[in-house]
Amino acid sequence: MSRTPFIAGNWKMYKTIAEAEEFIQALLPKVSTADGVEIAVCAPFLALQALVDSARGSRVEIFAQTMHDADEGAFTGEVSPRMLAEIDVGGVVLGHSERREMFGETDRALALKVPAALEAGLTPILCVGETEDERERGETERKLRHQVREGLEKVPVERLPEVVVAYEPIWAIGSGRSATPEQAQEAVAFVRALVEDIGKEAGQAVRILYGGSLKPENAEELLALPDVDGALVGGASLDPDSFARIVEIARTEVATP
């Protein structure tokens with residue numbers, strides 16, 4: 001099944017509004033001919049509106065980095081799905097390991113957030129992945145099985161292809177060490193098999209990204225893997241030249257039979 005490659009840059013807590021504007025103006029001409037690749041920038045809340053306005057009509061979508069599952073309520077400091085949809089944000093990262101580890105985001109909460117994002121017209125990127133200790137203990141599959149099943153539990157099977165899953169080995173994030181191609185393919189194929197257990201066609205259609213110290217230097221070998229449909233890029237997405245190079249590598253993979 002043909003799946004459109006997706007390259008998303010997760011800025012984390014970087015870039016003021018002015019810096020975000022400077023970035024997007026530099027990026028847009030560099031990716032204007034990136035046919036066959038979907039592109040997203042996942043920015044801090046304060047920069048979302050400015051980026052949406054600057055990127056309107058371009059190939060680049062703007063995503064948020066988290067959200068609450070409720071439409072409204074007494075949840076101090078939170079942002080709702082419909083608040084994001086109102087300003088034409090295209091999607092949202094959910095369950096990033098930093099949100100799980102530092103802010104206590106749970107699989108139970110994500111089971112509510114993923115369908116809430118879909119209902120609001122947002123594309124959810126559900127992040128999953130194991131720690132170094134879990135990998136060394138041979139618990140990678142157990143961890144992925146739990147995260148994928150919990151996170152997708154309340155998503156109707158017919159809407160599963162609208163969800164994007166990002167496999168991010170936690171031990172690789174920000175470390176400069178990426179998974180080997182063999183490790184990445186094995187884990188991503190396992191994630192796909194888990195979705196296929198819910199619905200065969202859905203599992204074949206869902207896009208699964210690799211994240212974890214992906215950069216232009218290793219993007220080609222990772223994006224060429226049969227079950228990898230793109231990347232959730234961290235540090236390399238903060239520079240427009242670096243991010244555009246990764247997009248171009250993904251485009252080349254599409255063009256290569």
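Colleague: Is Arg-251 buried, exposed or partly exposed in this predicted model?
Modeller: The model is predicted. Arg-251 has 25% relative accessibility, so the residue counts as partly exposed.

Colleague: Which residue meets Arg-251 in a salt bridge?
Modeller: Side chains of opposite charge can pair when their charged atoms come close. The N to O distance for this pair is 2.7 Å.

Colleague: Which helix holds both Glu-248 and Arg-251, and how many residues apart are they?
Modeller: About one helical turn separates the two, because they sit 3 residues apart in one helix. That element spans residues 240–255. The helix is helix 11, and the spacing is 3 residues.

Colleague: How many salt bridges does the structure hold?
Modeller: The cut-off is 4 Å between a side-chain nitrogen of Lys or Arg and a carboxyl oxygen of Asp or Glu. The structure holds 21.

Colleague: How many residues apart are Arg-59 and Asp-35?
Modeller: Their side chains meet in a salt bridge, 2.5 Å from N to O. The pair links distant parts of the chain. Arg-59 lies in the loop between helix 2 (45–55) and strand 3 (60–64), while Asp-35 lies in the loop between helix 1 (17–30) and strand 2 (38–42). They are 24 residues apart.

Colleague: Are Arg-59 and Asp-35 buried, exposed or partly exposed?
Modeller: Arg-59 has a relative accessible area of 34%. For Asp-35 the value is 48%. Arg-59 is partly exposed, and Asp-35 is also partly exposed.

Colleague: Are Lys-143 and Glu-134 buried or exposed?
Modeller: These two form a salt bridge, with the closest N and O atoms 2.8 Å apart. Buried means under 20% relative accessible area. Lys-143 is at 15%, so Lys-143 counts as buried. Glu-134 has 10%, so Glu-134 is buried.

Colleague: Which residues are linked with Lys-143 in a network of salt bridges?
Modeller: One direct partner of Lys-143 is Glu-134. The network links Lys-143 with Glu-134, Arg-137, Glu-139 and Arg-142.

Colleague: Which side chain does Arg-192 join in a polar contact of 2.8 Å?
Modeller: Arg-192 is placed in helix 8, residues 181–198. The residue is buried, at 4% relative accessible area. Beyond its neighbours within four places in sequence, its contacts include Arg-3, Gln-204 and Asp-227. The 2.8 Å polar contact is with the side chain of Asp-229.

Colleague: Which elements give two or more residues to the lining of the largest cavity?
Modeller: The search finds 2 cavities of 30 Å³ or more. The largest holds about 40 Å³ of space. Its lining includes Ser-97, Arg-100, Cys-127 and Val-128. The elements are helix 4 (97–103) and strand 5 (123–128).

How values were computed: Residues are numbered from 1 along each chain as its sequence is written. This is a predicted model: local features need pLDDT of at least 70, side-chain atom pairs count only at pLDDT 80 or more; totals for chains, interfaces and linings use all residues. Side-chain values use heavy atoms; hydrogens and water are left out. Helices (H or I, at least four residues) and strands (E, at least two) are DSSP runs, numbered from the N terminus. Buried means under 20% relative accessible area, exposed over 50%, partly exposed in between (1.4 Å probe, protein chains only). A polar contact is a pair of N or O atoms within 3.5 Å; within protein, one must be able to donate a hydrogen and the other to accept it, and residues adjacent in sequence count only if both atoms are side-chain atoms. Contact means heavy atoms within 4.5 Å. On a 1 Å grid over the protein atoms alone, a cavity is a set of points where a 1.4 Å probe fits but cannot get out, and a pocket is an open set with protein on both sides within 12 Å along at least five of seven lines; lining residues have an atom within 4 Å of a point. Grid points are joined across faces, edges and corners, and a volume is the space filled by probe spheres set on the points.
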